[in-house]
Amino acid sequence: MNGTVRLPPGTLTSRAARALICCILAAVLVWATTAPAPAQAGSAAAQGAITGTSRIEVAPDSTADHTTFEELQGPFDSGPAVTAACLECHVNAADQLHRTTHWTWAFDNALTGQTDLGKRNVVNNFCVATATNWPRCTSCHIGYGWKDDGFDLTQDTAVDCLVCHDTTGTYKKFPTGAGHPAYEDTTWQGKPWPAVDLARVAQAVGRTSRETCGACHFYGGGGDGVKHGDLDSSMADPDFSLDVHMDRDGLDFRCSTCHTTGSHQVTGSRYTTTAVDRIGIDVPGHTDDTRATCESCHGMAAHDDHPKLNEHTDRVACTTCHVPAFARGGPKTKMWWDWSTAGQFNDAGKPYVVKGEDGYPLYVSKKGTFEWAADVTPEYRWFNGIVRYTQRGETIDPSGVVPINAIEGSAADPDARIWPFKIMRGRQPYDSGHNVLALPHLFGKDEAAFWKSFDWDKALRGGMQAETVSFSGSYGFVETEYAWPILHMVAPKEDAVGCNECHTVGGRLAGLTDFYMPGRDTFPWLTAVGWGAAGLTLLGVLGHGLARLIAAARKRRTAA
Amino acid sequence: MTKERVMVFSRFERFWHWFQAVLIVALMITGFEVNGAYEWLGYEAAAQWHRWTAWVLIWLWVFAIFWHLITGEWKQYVPTPRGMIDVIRYYTVGIFDPGVSHPYKKTRLAKHNPVQRVAYSTFNILITPIIWITGLLYMFYNDWGALGLDGLITLSGVALVHTAAAFAMLVFFIGHVYMAGFTAKPFYGYLKAMLTGYEELEPHPDNSAGRPDRPNARPAP
């Protein structure tokens, strides 16, 4: 059916026919129950559309039924073959995707002037860097076949449509497949990993979901909840207490409800976070067309019954109070990763793993020492949206803690607000000859790969061979920290951080000392002088009164 | 010499005084908690009650200022050096001798002795206005930009002055409670006057100069 996607009703499959009958029945039912008050029914439906709480049966999202398309009948031998079929109709899709950070893994920050950011470039303190470890890392790329530096980013059919648009839950990229799913039955870490039914997945494409976004974003850093802290598998099916917006029984938001998309560009960026959105509530035509800030829906004065809270929104980010803790859904998040202990063998001369009572690894020969935590209180910092990364080849000061990303802002900066962060800390290799963060070659079957040979010298030489600053031959380990803004897992308002948790000595904001905060800050000299004066006054009047009593008693005695 | 019973404090004055006393005590309790002296209500409740009571006190003061201006009673607070030394000498020396009486002969139109006048004037035109102004600045912190105050003042500066004035208030409070509550003869005499409104005064033409709430009603010649 080249060129057309419209089909005469007679060609509907039995499944679509059943759906149509159901819709008609539902429509009749809705009409029958609401006919006396059609206006009311209309407003209820409209409200449902806004809040997502409606359980009214509505027509399918899509105007097309992909199960009926000849192009998608398969069989498909690979992901790119499915993409080719998608592109038959969605002719501009690949071009749109090619322009996204999801595809390029590269980002230039106009605010800082820093270029060559993005996943393919930045250094982190998890698995450190994607370079030379491509097939493992690119299992989270929205493409197929990013095996090495030579990946051609202009290929149309290398775009992976299914990883975002799957609705079956059966499409999973194989962890070491450079972005491909398993096309034949295989195993991963001893467990079966079945081949994907590409035709079935292709015919069931739909809108993105918490599950599809979460397939990568819940598992960043190599496992459930490892990286972000406020994103993990519990957010696929959260209840109200975990996230008031994504609550499966309530608003049931998907990620894209806030991370709006246009031309496949997903809004909301960790590289250029909107630290304060003074545009406020979005009105079409007058705004930035993104709902990726709280203010996009709630504005800057959302607390109708508590004006004092509205007087905080200029200096305190919404999530500072409304995300009282992260990793609240069950899975723990990684808080510490010490690469310096990696490479130890057990008595049998083999790499080994030590797990804690809860099953979380505490030591892995391949990776070093870990610490995990759940229900973590964030750390708070001033943040104006400007993030400066310590980039590859950039000189570091190994005597201190190296910031992987420096969060900018201060109390004196009117564009900065107090934000919550997960601070990921760890120790990672650096080139002690050149004083740059080192890039280890971890993954691969070659001898240089650390996970094969456990030899740092080889791994760093291999990892940095293509770098502008190559490996000097000497290395050490440096402590680093990486600040992750906390925005998800928005708690019910009853659980929000209360006034007393910050306006007190030693509270949540004890670390932010560059401003005066009532309830926390005092002037010790004034306190001493003030209470001293009050105490002396009290002593004075007591002494005066006592002297009068004594004098009176004496007088009475002499009189007597 | 027979004394005469004179209404010194009108009904409004007594209401104003005691309501103000309660509010100031509440403000000190909540305010010093906000200042970190102790933990009782918690910051949120303490700050909330501090704001509410402050607004009530401001409202009360609006009435009190109006009353003082209309009745002319504000003149009672005008400081004077006349007799000051005698009063100071009385409180530092004479008071210890039950036989010595207060050197100041109060009248209906001059009910405050020179020390009281200085103390109450300090309270009225120094401590209280400073607390008011800094307190209002504190409350309207978010509007400093609109008021053109950004850059001129800082929150820590406002807090410093507000707290310093609060300590001055505390010192006044302690001194006042003692002086007014315990130094009459009998010791509760002034307190009783502030409760009943009446005091036994030595006869003086001014004493019949109308009741303080109707000061213009001059006595018949």
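Biologist: Why is F454(A) called partly exposed, and how many other C-beta atoms lie within 10 Å?

Modeller: In this predicted model, F454(A) has 16 other C-beta atoms within 10 Å. A residue would be buried with 20 or more and exposed with 12 or fewer, and because the count of 16 falls in between, F454(A) is partly exposed.

Biologist: What makes V128(A) count as buried or exposed?

Modeller: V128(A) has 24 C-beta neighbours inside 10 Å, and since the cut-off for a buried residue is 20 or more, V128(A) therefore counts as buried.

Biologist: What is the phi of V128(A), and in which loop does V128(A) lie?

Modeller: Phi of V128(A) is near 75°, which is a positive value in a residue other than glycine, and V128(A) lies in the loop between α5 (101-104) and α6 (134-137) of chain A.

Biologist: Is the peptide bond from G74(A) to P75(A) cis or trans, and what is its omega?

Modeller: The bond from G74(A) to P75(A) is cis, with omega near -5°, and P75(A) has its place in the loop of chain A between α2 (38-51) and α3 (79-89).

Biologist: What omega goes with the cis peptide bond from K185(B) to P186(B), and where is the place of P186(B)?

Modeller: For the cis bond from K185(B) to P186(B), omega is near 0°, and P186(B) sits in the loop between α5 (155-182) and α6 (189-196) of chain B.

Technical notes. Residues numbered from 1 in each chain as written. Chains lettered and ligands numbered in written order. Predicted model: local features only at pLDDT ≥ 70, side-chain atom pairs only at ≥ 80, totals over all residues. Helix = DSSP H or I, 4+ residues; strand = E, 2+ residues; numbered from the N terminus.
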